[in-house]
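The following exercises concern one protein chain, whose sequence and structure are shown below. Each task is followed by a solution in steps.

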Amino acid sequence: MLRPIRNFFRYVPPTEARAVMISVFVGLAMLGIKTLAYLRTGSAAILSDALEGIVNVVASAFAAYSLSTAHRPADREHPYGHGKIEFLSAAFEGGMIVLAALVILAEAALGMWRIRRGAPTVREIDYGLLLILVAMIVHGLLGLYLVRSGKRNNSLTLEADGWHLLADSLTSATVIVALLVVRFTGFAYADPIGALVIGAYITTTGWHLIRRAAAGLMDEQDVADEKLLTDLLDAHVRGDKPPRVCSYHKLRHRHSGRYHWVDFHLMVPAWWDIRRGHEVASSIEYEIEQAIAEGNATAHVEPCKDEFCSSCTEAGAESQPDV
């Protein structure tokens, strides 16, 4: 049984594979607990939490597939790698969350209608409270673990799954508050109102994931990356950091999942030979790749055309040929 799992995750670092598999199995267990709690209590708020539990399981399974694909090496059909599937995974999870939210809102409205018609209110509240409390604690701990693993490994898939579970932990807390209100005040409307709050909250969570995934798929420029790259290149132009170059332009960068792609045009003294220009460009490319951790930088070398460029004199003047 373990061999197929190992083959499935053969390109995935063990820490990430372990994190996503824990997410899948714990999600299944918590879904069972929430379903049992709903069947015993009939609570609309617990049903809303159970519906999101279904989303957790489906999203975690898709996250496992995404990680397996994202880590595959580049090939002829995908020369830039498979990293963008992590954005698809986040978009899928966000869409599932929004869909669950719509169902939850509909169920909350239906619950209010039932109360108005005099239907029985929530039953066996203490039993439901105990089960949802267990689910809240487990999801909170697992969510923190996945968010930290995602940030440590620069994995949007794990991070999105972690934030989803943290949101689920908060929805469970809302369920507990709603049931406590019903338990101690007899205010039956607290149950569907709690479901409405959950539906509204997870809608914003889902939309945030969709927005972030769309930014990655559309190659939106990352503000933090932009500052990192411009500061690094400016140090070689206007600062004292060797090797000195004249200027740069057409700086572009994008994400392919956790992998970064950077390209720019580098202006160097016109009298440099090809070897000198290549060595300087390679040095700066390497510096950028070290700064962005996982990525590739490509510099296109051009001769400086500014007759009054001070860097043409300062940047490696000792290499200028004698005339």
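**Exercise 1: the largest pocket**

Helix α7 gives the largest share of the lining of the largest pocket, namely three residues. This is a predicted model, in which local features need pLDDT of at least 70 and side-chain atom pairs count only at pLDDT 80 or more, while totals for chains, interfaces and linings use all residues. Residues are numbered from 1 along each chain as its sequence is written, and side-chain values use heavy atoms, with hydrogens and water left out.

Task: state how much space lies in the largest pocket and which elements line it.

Solution. 
- Step 1. Apply the definition: on a 1 Å grid over the protein atoms alone, a pocket is an open set of points where a 1.4 Å probe fits, with protein on both sides within 12 Å along at least five of seven lines; a lining residue has an atom within 4 Å of a point.
- Step 2. The space in the largest pocket is about 440 Å³, a volume being the space filled by probe spheres set on the points.
- Step 3. The lining has 20 residues, and Phe87, Leu156, Arg212, Asp222 and His255 are the closest to the centre.
- Step 4. Two or more lining residues come from each of α5, α6, α7 and β1 (247–256); helices (H or I, at least four residues) and strands (E, at least two) are DSSP runs, numbered from the N terminus.

**Exercise 2: the nonpolar cores**

Solution. 
- Step 1. A nonpolar core is a set of buried Ala, Val, Leu, Ile, Met, Phe, Trp, Tyr and Cys residues joined through side-chain atoms within 4.5 Å. Buried means under 20% relative accessible area, exposed over 50%, and partly exposed in between (1.4 Å probe, protein chains only).
- Step 2. The largest core has 30 residues, and Ile46, Ile125, Ile132, Val175, Leu179 and Ile202 have the most contacts inside it.
- Step 3. The largest share, eight residues, belongs to α4.
- Step 4. Another core, of 18 residues, lies apart from this one and includes Leu229, Leu251, Val268 and Ala299.

**Exercise 3: backbone geometry**

Task: locate Glu124 and Lys250, and decide whether each is buried, partly exposed or exposed.

Solution. 
- Step 1. Glu124 lies in the loop between α4 and α5; its phi is near 45 degrees, a positive value in a residue other than glycine. With a relative accessible area of 40%, Glu124 is partly exposed.
- Step 2. Lys250 belongs to strand β1 and has a positive phi of about 55 degrees, although not a glycine. Its relative accessibility of 55% makes Lys250 exposed.
- Step 3. A further feature is the cis peptide bond from Pro242 to Pro243, with omega near -5 degrees. Pro243 is placed in the loop between α8 (223–237) and β1.

**Exercise 4: confidence**

Task: identify where confidence is lowest and highest among the helices named here.

Solution. 
- Step 1. pLDDT is the predictor's confidence in each residue, from 0 to 100; the protein has a mean of 83, and 94% of its residues reach 70 or more.
- Step 2. Confidence is lowest in helix α1 (residues 2–8), at a mean of 68, and highest in helix α9 (residues 274–291), at 93.
- Step 3. Over residues 315–323, pLDDT stays under 50. Where pLDDT is low, the predicted coordinates should not be read in detail.

Definitions and conventions
Contact = heavy atoms within 4.5 Å.
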